[in-house]
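Visitor: I have a model open and want to go through it piece by piece. Can you take questions as they come?

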Amino acid sequence: NAKEVKGQVLVIGAGPGGYSAAFRCADLGLDTVLVERHPTLGGVCLNVGCIPSKALLHVAKVIDEAAHIEHAGVKFGKPEIDLPGVAAYKSGVVKKLTEGLSAMAKMRKVNVIQGVAKFVDEHTVVVEHTDNAGEQTKVTFDSCIIAAGSQSSKMGFIPHEDPRIWDSTNALEVKEVPKRLLVMGGGIIGLEMATVYQRLGSQIDVVVRGPQVMTGTDKDIVKVYTKANEKKFNFMFKTQTQAIIPKQEGIYVEFKGDNAPAEPQTYDAVLVAMGRTPNGLNLGLENTGVEVDDKGFISVDKQMRTKVPHIFAIGDIIGQPMLAHKAVHEGHVAAEVIAGHKVFFEPKQIPGIAYTFPEIATAGMSEIEAKEAGINYEVASFPWSASGRALASDVSETGMTKLIFDKDTHQLIGGALVGENAGELLGEISLALEMDCDAEDIGLTIHAHPTLHESVGMCAEIFHGSITDLP
Ligand code: FAD
């Protein structure tokens, strides 16, 4: 005797994709139901992803800057870290945002149901309530948007049940600062958490299967990052963990590969950051015609439609890049298509940022992609050692701006930055790519002086050959 609810649109999952889609549906006049298993809205991003990690990175940044200013004549003492205070700061930021989302849902009269949704057929899901165990609601819908996201990948050989083996959610709890921390994986999430814990006082090893961190990211950019961090982290490239054995005195880890230590190492905690797995295999999709692969990814077209025309999917669950802003835009497209608009998800670029120290930010094509696509391209790079602002801010050794132009048309096809605030500087490059700007557009734009974003204008001038005397 389940309760019954009917909506024109059902959205499953209240992450950035799901809440954006639900709000857009409601704004377009559609009667919308949003099902989320957790008590707060916001999904991974707001609760255990983008936002708490950035709050902790902010704390780490202040510690970092205080240490750095010493050679500019100011000395602070050793930081006194009140870990519960740090955790409370982070939780406060998350709370403000998730409460804001609840208010926004209420304002739009989105019917939020707390529970786990499972399809029983192509027009019905059953929700097992998580706020009231044993209670069920049957939701029928005309259209559905699946935005059920992803979770940290688990590996068979890793004893995940040991509390000292962390995923990113555990790391974000900041309950303790392990003396020795092993970070498995050189992707964005692992490196951001490594940045936080290094500043909080951990000694950190980062084990990376390949020859560089952030696989697929521009080599020149990654080189600057790695050089800036080689004294802070012990990077073990081309190396893998072979065995992870929890013992009372610590986690024993054996390694193999080019930079494997001869002896097993003991860690106080191990952060597993080796990718994310989509939640597509536990939604009852076998009761529908929706196509889902064996990893759990759902396939969609450019209107975010699955193989079942009235069921859509967006966000992490449809594939890479697993980023909040991609999910948001896809959510808007799905909602608008349901409302009858003829729109498509066809971005010219999806920006990607690692909020590490220094930050790494990329948009559009990488040099390798341009080469593979057979484009006659030219690279223009500006080292920040030639930037007055970077010098004044003491970040000149750890920054570089790199733009890639089509040599025939002069059009900008990609950009990458490493350095202080690279993520903020990327905005101009994203807009330029979306607007099909060429080197003339960028070069003729007056960039304020002295700024770090001047470096973007400089790259256009380098492309034109008007700057040739860089260090
Ligand atoms: P999610 O945010 O995963 O939300 C899916 C929601 O669906 C969840 O709330 C889940 O509880 C719910 N759900 C799942 N199954 C069901 C079900 N059956 N019934 C009901 N509810 C269900 N991205 C960025 O762009 N920038 C960053 O800085 C960034 N930092 C990150 C840091 C960390 C530590 C992590 C882990 C991720 C980070 N990401 C970042 C990635 C970002 O969080 C995701 O790309 C984004 O949250 C995906 O949004 P989504 O809407 O697809 O799914």
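Guide: What follows is a walk through a predicted model, taken topic by topic.

Visitor: Start with the ligand. Which residues come nearest?

Guide: Of the 35 residues around the ligand, the nearest are Gly-13, Gly-15, Gly-43, Gly-149 and Gly-315.

Visitor: And how does the shell around the ligand split by class?

Guide: The shell has 18 nonpolar, 14 polar and three charged residues.

Visitor: Which helices and strands supply at least two residues each?

Guide: The helices are α1 (16-27), α2 (43-48), α3 (50-68) and α8. Strands β2 (32-36) and β3 (111-121) each supply at least two residues as well.

Visitor: What does UniProt list as "binding site"?

Guide: An unreviewed UniProt entry lists Lys-54, Asp-316, Met-322, Leu-323, Ala-324 and His-325 under that label.

Visitor: Take Met-322. Buried or exposed?

Guide: Met-322 counts as buried because it has 20 C-beta neighbours inside 10 Å, and 20 or more is the cut-off. The residue sits in the loop between β16 (311-313) and α8 (324-338). Leaving out residues up to four places away in sequence, Met-322 touches Ser-150, Arg-276 and Asp-316. Asp-316 is itself on the UniProt list with Met-322.

Visitor: Where does Ala-324 lie, and what is it in contact with?

Guide: Ala-324 lies in helix α8. Neighbours within four places in sequence aside, its contacts are Pro-16, Cys-45 and Cys-50. Ala-324 is buried too, with 21 C-beta neighbours inside 10 Å.

Visitor: Now the other group. Where are Leu-191 and Glu-192?

Guide: Leu-191 is in helix α6, and Glu-192 is in helix α6 as well. Leu-191 has 25 other C-beta atoms within 10 Å, so it is buried. Glu-192 is also buried, with 23 C-beta neighbours inside 10 Å.

Visitor: What do they touch?

Guide: With residues up to four places away not counted, Leu-191 touches Gly-186, Val-213, Ala-354 and Thr-356. On the same terms, Glu-192 touches Ser-53, Leu-57, Ala-354, Tyr-355 and Thr-356.

Visitor: Switching to sheets. What is the order of the five-strand open sheet?

Guide: The order is β7-β14-β8-β9-β10, with parallel pairing. β7 (165-166) and β10 (233-236) stand at the edges with a single partner strand each, so one side of each has no neighbour in the sheet. Helix α6 (residues 188-200) packs on this sheet and touches β8 (180-184), β9 (203-207), β10 and β14. Its direction makes about 165° with that of β9.

Visitor: How many bridges hold β7 to β14?

Guide: Two bridges, in the parallel sense, join β7 to β14 (residues 269-272). Trp-166 stands opposite Leu-271 in β14.

Visitor: What about β1?

Guide: Strand β1 (residues 3-12) pairs in parallel with β5 (residues 136-146) over nine bridges, and Lys-3 has Thr-137 as its bridge partner there. β1 also runs parallel to β2, joined by four bridges, with Val-11 opposite Leu-34.

Visitor: Last one: how covered is α13?

Guide: Helix α13 (residues 454-464) is mostly covered, with nine of its 11 residues buried. Among the elements covering them are β19 (377-383), β20 (400-406), α11 (422-434) and α12 (439-444). Gly-465 follows α13 and has a positive phi, near 85°.

Notes. Residues numbered from 1 in each chain as written. Predicted model: local features only at pLDDT ≥ 70, side-chain atom pairs only at ≥ 80, totals over all residues. UniProt positions renumbered as here; feature names shortened; annotations may be inferred. Buried ≥ 20, exposed ≤ 12 C-beta atoms within 10 Å, placed from the backbone. Contact = placed C-beta atoms within 7 Å. Pairing = 2+ DSSP bridges. Axes fitted to C-alpha atoms, helices over the stretch in contact; angles between N-to-C directions. Near = placed C-beta within 6 Å. Nonpolar A, V, L, I, M, F, W, Y, C, P; charged D, E, K, R; others polar.
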